[in-house]
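Dear colleague,

Please find the structure below, handed over for your reading.

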Amino acid sequence: MSLPSASREPAGEPDDYLERRTLRRGSAGWLLLTGLGVAYVVSGDYSGWNFGLAEGGFGGLAIAMVLMGAMYTCMVFALAELSSILPTAGGGYGFARRALGPWGGFLTGTAILIEYVLAPAAISIFIGDYVESLGLFGLESGWPVYLACFVIFIGIHLWGVGEALRFSFVVTGIAVAALVVFALAALPEFDASSLDDIPVDTSAFGASSWLPMGLLGIWAAFPFGMWFFLGVEGVPLAAEETREPARTLPRAIRWSMGILVVLALMTFFTAAGARGSAAVQDAGNPLVEALQPDGEATALSRIVNYAGLAGLVASFFSLIYAGSRQLFALSRAGYLPRFLSLTSSRRAPYLGLVVPGAIGFALAASTGNGARMLNIAVFGATISYALMSLSHIVLRRREPELPRPYRTPGGVLTSSVALVLACAALVATFLVDVTAAFIALAVYIVALAYFGLYSRRHLVAKAPEEEFAALAAAEAELARD
C-alpha cells in the first residue's frame, strides 16, 4: 500500500534526517508550561485592550471580553484533548493535518505562523516606546532598541529551552505580581459611575450609556477582547520538550486559562473604574494612566510602568519561542523549506529562531506601526482558532475510538461554540482595520500558492505529524477492505 502523494517522502532523504531535527525532550513540567501560557498573553493586560473602549464603550468591550473569553475557554479545552492525542511540536498544524488533510494542516500552521511572527515585531515597538517613556539609558524608541530585543532574547533561546522557559517564568511572575499590586492600589478609587462616561453616539442602533457605539460596537470590540487571552493556544507547541506531555499539556493549558481569566477581570474593571473609561480608552499605558489622576507620576505608577515593560518582555520572549516551534514543525514535515528545522548541538532550532526574528526586526524597523502588525496577527489567529476547533469536531465524529488521555468537557458542543465565535471574531477584524485584514489575506494567498505549486509534493512522511496522519489513512483503508 502506498501513501498519498501529498505525504510521500522524496527519495534520497538521509537516514539521520530526524536526528538533525530533534528538540531537547523533558525540559519542562506543567508549572513552567503554565508560566509559558500566561507569558504569551500578559502584555495584553498592560496595554491594547483599552482601545476596545473606543470601539464599543465599557459595556461593548465587557460583552466582547466575555464572549472572547468563552471562545478561548472552549478552544483550550478542545486543544487540551488534541494535545493529549498528538503531543508534537506541530501543535495546531498537527491536529488539523490529521483531521483536515495536508491542505487543512498547512492552512492552520500558516495562520499560526502569521500570528507568531507579527506579534513579536509589534511588541518590540511597544518595548521601544516603554524604554523611551521611562528614560532608560537615555534611549529613544527606534531600530537599535528593536534590534537589541531580538538579539538578546533570541540568544537566550539559542542557549537552551530549559533556560529560556525559566527566564520567561521569572519575568512573567514579576508582571503578574505587579498586576495584583495595581488592582489593590486602584480598587479604593473605583467608582461605578466612571465606567460608562464615554459620550453616546445617538445615531448608532441600540446606543446607550453602556453601549455608546450601539450594538455594532460589541462586535467591533471583539479583537480587543481577545487581547486578554491572545496567544494562550501556543502551549501545545512545547509538546516535544515536555515531560509526560499527554498529562502535562492539558493541565498547563487549563491552569493558564484560569489565571488569565482572573487577571482579565481584575485589570479591566479596576482600570476603567478607577479613572474612567473615557480617560483610558486612548492611553498607550492605561494602567499607569489609571493611577495618575492628575497626570503626575507616583512611586506606584512608576512600579507599574516598569512592570509593564516586564510584561512586554515576557510576551515578546514567549511568542518568539512559539513561532520558532511552529516553523520548526512545518519545515521538518516539508511544508516549508526543510533547512529551517535544523537544530543546534543544544537542540535549539537556530534557523527557526533567527529567520522569523530577522523578518520581525525588518518589519518593526521599516514600519514602526505596532498596532497594524498586531491586527494582522489577530487575523491569522482567528483563522487558526476556527480550523483547530473544526479539527476537534471532525476527529470526534470520524475517529471516536481514538485513544484520548484527556477528553474535552462538553465534547463537540464545546468546540462548536469556539468555532462559531472564532468565525465572528474573524469578520470583526475587517471592522477594526480592513487594511490589516487584507494584508494578512495577501500573505496567506502567497503561502498557499507556494504549498499548492511546490511543497505539497515534497512532504516528509517520517515527520511525526505526517506519520500520525498516514496511520489514520492506512487504518481507514484497511477498514474499507
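To begin with a term that the helix pairs require: axes are lines fitted to C-alpha atoms, for helices over the stretch in contact, and angles run from 0 to 180 degrees between N-to-C directions. The model is predicted, and local features need pLDDT of at least 70, side-chain atom pairs count only at pLDDT 80 or more, while totals for chains, interfaces and linings use all residues. Residues are numbered from 1 along each chain as its sequence is written, and side-chain values use heavy atoms, with hydrogens and water left out.

Helix pairs

Two packed helices are described by the angle between their axes and the distance between the axes. Helices (H or I, at least four residues) and strands (E, at least two) are DSSP runs, numbered from the N terminus. Helix α5 (residues 143-159) packs against helix α12 (residues 299-332) at an angle of about 60 degrees, and their axes are 10 Å apart. Angles under 35 degrees count as roughly parallel, over 145 as roughly antiparallel, 65 to 115 as roughly perpendicular and the rest as oblique; α5 and α12 are therefore oblique to each other. The crossing of α5 past α12 is right-handed; a crossing is left-handed if the near helix is turned anticlockwise from the far one by less than a right angle, and right-handed if clockwise.

On the α5 side, the contact (heavy atoms within 4.5 Å) is made by Cys149, Phe150, Phe153, Ile154, Ile156 and His157, and on the α12 side by Val313, Phe316, Phe317, Ile320 and Tyr321. These residues divide into ten nonpolar, one polar and no charged. For these classes, Ala, Val, Leu, Ile, Met, Phe, Trp, Tyr, Cys and Pro count as nonpolar, Asp, Glu, Lys and Arg as charged, and the others, Gly among them, as polar.

Helix α14 (residues 370-398) takes part in two further pairs described here. With helix α15 (residues 412-432), the angle is about 160 degrees and the axes are 8 Å apart, so α14 and α15 are roughly antiparallel. Their crossing is left-handed, and the residues of the contact comprise 16 nonpolar, seven polar and two charged.

With helix α16 (residues 434-453), α14 packs at an angle of about 60 degrees, with the axes 8 Å apart. This pair is therefore oblique, and its crossing is right-handed. Arg372, Asn375, Ile376, Phe379, Ile383 and Leu387 of α14 meet Thr435, Ala436, Ala437, Ile439, Ala440, Leu441 and Tyr444 of α16. By class, ten of these residues are nonpolar, two polar and one charged.

The nonpolar core

A nonpolar core is a set of buried Ala, Val, Leu, Ile, Met, Phe, Trp, Tyr and Cys residues joined through side-chain atoms within 4.5 Å. Buried means under 20% relative accessible area, exposed over 50%, and partly exposed in between (1.4 Å probe, protein chains only). The largest nonpolar core has 156 residues, and those with the most contacts inside it are Tyr46, Tyr72, Ile127, Met226, Phe268 and Tyr385. Helix α4 (residues 92-134) gives the most to this core, with 20 residues. Not counting residues up to four places away in sequence, Phe268 touches Trp49, Leu53, Phe58, Leu61, Ala62, Met65 and Phe228.

Individual residues

Leu134 lies in helix α4 and counts as buried at 17% relative accessibility. Beyond residues up to four places away in sequence, Leu134 touches Asn305, Tyr306 and Leu309.

Leu32, in helix α1 (residues 30-41), is buried at 16% relative accessibility. Leu32 and Phe169 are 137 residues apart along the chain, yet their C-alpha atoms are separated by 6.5 Å.

The loop between α12 and α13 (350-367) holds Thr343, which is buried with a relative accessible area of 12%. Pro349 is found in the loop between α12 and α13 and is buried, with a relative accessible area of 0%. Pro349 and Arg20 are 329 residues apart in sequence and 9.8 Å apart in space, C-alpha to C-alpha.

Arg347, in the loop between α12 and α13, has a positive phi of about 60 degrees although it is not a glycine. Arg347 is partly exposed, at 34% relative accessible area. Glu244, in the loop between α8 (222-226) and α9 (245-275), has a positive phi near 45 degrees and counts as exposed at 53% relative accessibility.

With kind regards
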